[in-house]
Amino acid sequence: MRRALLLALSVCVFAGACKRGSSAGGAEGQGPGPTKVTATVFVTTELFGTIEPCGCNSDPRGDLARAAAVIDRARTTGHVLYIDGGSLLFAAEEIPPQQVTQAKMTADLIRDAVKTQLKAAAIGLGPGDLSLGKTAVTVPRQAANISASAGIPLAPPEVIDVGKVRVGVFGVVDPDLVAGLGVAATDPAAAAAGAVKTLNAAGAQVIIALAHMDRAGARKLATAVAGIDFIVAGQSAPDPKDVSPAPEHAGDTWIVQPANRGQGLARIDLTVAGDDGAFADAIGKARARAEIADLGPRIDELATRIAGWEKDPTADPAFLDKKRAELAVLEQKRAHLQASPLAIPDHGNYFVLTQVPITRQLACDPEVQAAKIALDKNVGKANLEIAKNDKPAPAAPGQASYVGSDECSYCHAEAVTFWRSTRHAHAWETLEEVGKEFSYNCIGCHVTGWQEPGGSTLAFTDKLRDVQCEVCHGPGSLHVAANGKEKPKSLTRVPPKSRCMTCHTEDHSDTFQYEAYLRDVTGGGHGQAFRKKLGDGPTGHELRAAKKVTEVGAGCTQ
């Protein structure tokens, strides 16, 4: 069998390495051992048609141009393989008809960039690739449990030479994920076993599975099929804040998951020692820093609690001894990570996993960046042409429609003057600055009455550009018709938090706090008494300023 069993990880926690059987260089202590060769593997999954993040966040994560630059830079210093776990092309399984053209154009850019600039050697298959049918999948996919007769271009399991490291790659997909999309998939384990056999026969030194399934499915696959070194769990990839810096160990297999929507890259640095052993986790500096940061509060909390128990004369001595031992283990682990963050084994293959966040400070690949800018322009033209007759539906008889802030100013001049000093009054301008004023991904939160009766549509935004009075207070036509003498049910003086949260989501407004943001949009001439009631405290402006990252990487526009 190609794989030798990896010794229990618990033995290695403080020693920094697990020893294995002898390798080509002779038994332990009897010679220099085999020559070591290295390769770097970058992994993404569930891009979901995302080429860049919403620029409204203080530190937006993800950008195809930045990811391309990170990978390209790594290629200048070593041998690199880039692979993707699937669900690459589209954000949703059902795309609204008016957004199909934009989705197709974006998918085309992703397909070209991933193959040309990022140089993907293998791509898995997920439901996010099939939203517009099988014909949208134009680049061959790794999916060993899908038949060639399914109508999807497929690539066979393949051994790829990454420098002197022979990396075998294959893919499988959870049948339940694609069954409702007209694609039949067979048992992943059976297909994976066949792929592993094929790759071993072809001389693979490392085998990576692009398994479009969740972590539970990846564990099941690792248990059922011997010989897989790494599984990329392609489904249910987390946001960056939830990404585990450590791989999950299942049998001899390591399960890896990067952040979704291109917000991070999983980087696996491989060292192959020439034997056929399983890979040991060598931790590495980045992961050691993360684990040390996590251990600090745990150690402090436990130490504080122990100090309290020691002052209690009724405390159980045996219990105290147990907790002191737990504290000693945590402190020993932290000290070891600080002293030896790179835990290279005495013999055998090893790897270092680094979760690389794609942040605003990173540089952008100029070709991908230029393609993105051109896409924004072309998407705007196409969307406008398609939507030119898409007038907003009229309000039903007796129901209010939208009139715009100019109409409000006749009776509420002070309030409108105050509004013009807020960020809400410049929402449309922020889209124009980056050429996204006609993008369906953005426009809805930068206009008033978006796709509501008597409101705005993509091609009909007259008088309703920006986040105006009626976004918060409701449509005002009935109020205007009554010369302000009646306040219909459509209007509200203080908007509920839920109305704000329509646009102030975590993805689009990461510093949002309801009361803090209300301090920004109320004051003299506009809810002065309400502003006074809110009292002192942070404002939205202060929260944004405290967190905002102003540095933008070379070649990037935002």
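This is a predicted model: local features need pLDDT of at least 70, side-chain atom pairs count only at pLDDT 80 or more; totals for chains, interfaces and linings use all residues.
I started with contacts (heavy atoms within 4.5 Å). Among contacts between residues at least 6 apart in sequence, 71% join residues at least 24 apart.

Residues are numbered from 1 along each chain as its sequence is written, and side-chain values use heavy atoms, with hydrogens and water left out.

Next I looked up the overall make-up. I found 17 helices and 14 strands in the chain; these are DSSP runs numbered from the N terminus, with H or I over at least four residues for helices and E over at least two for strands. The C-alpha atoms fill a box of roughly 95 × 75 × 40 Å along the principal axes.

Then I checked burial. Of the 558 residues, 49% are buried, meaning under 20% relative accessible area with a 1.4 Å probe, protein chains only.

A nonpolar core is a set of buried Ala, Val, Leu, Ile, Met, Phe, Trp, Tyr and Cys residues joined through side-chain atoms within 4.5 Å. The largest has 36 residues, and Phe42, Leu64, Ile110 and Leu265 touch the most other members. At least two residues of this core come from each of α1 (64-75), β2 (80-84), α2 (100-116), β3 (120-123) and α8 (366-387). I also noted a second, separate core of 26 residues, including Ile83 and Val256.

Last, I picked Ile110. Beyond its neighbours within four places in sequence, Ile110 is in contact with residues including Leu47, Leu64 and Leu88.

Methods
Buried means under 20% relative accessible area, exposed over 50%, partly exposed in between (1.4 Å probe, protein chains only).
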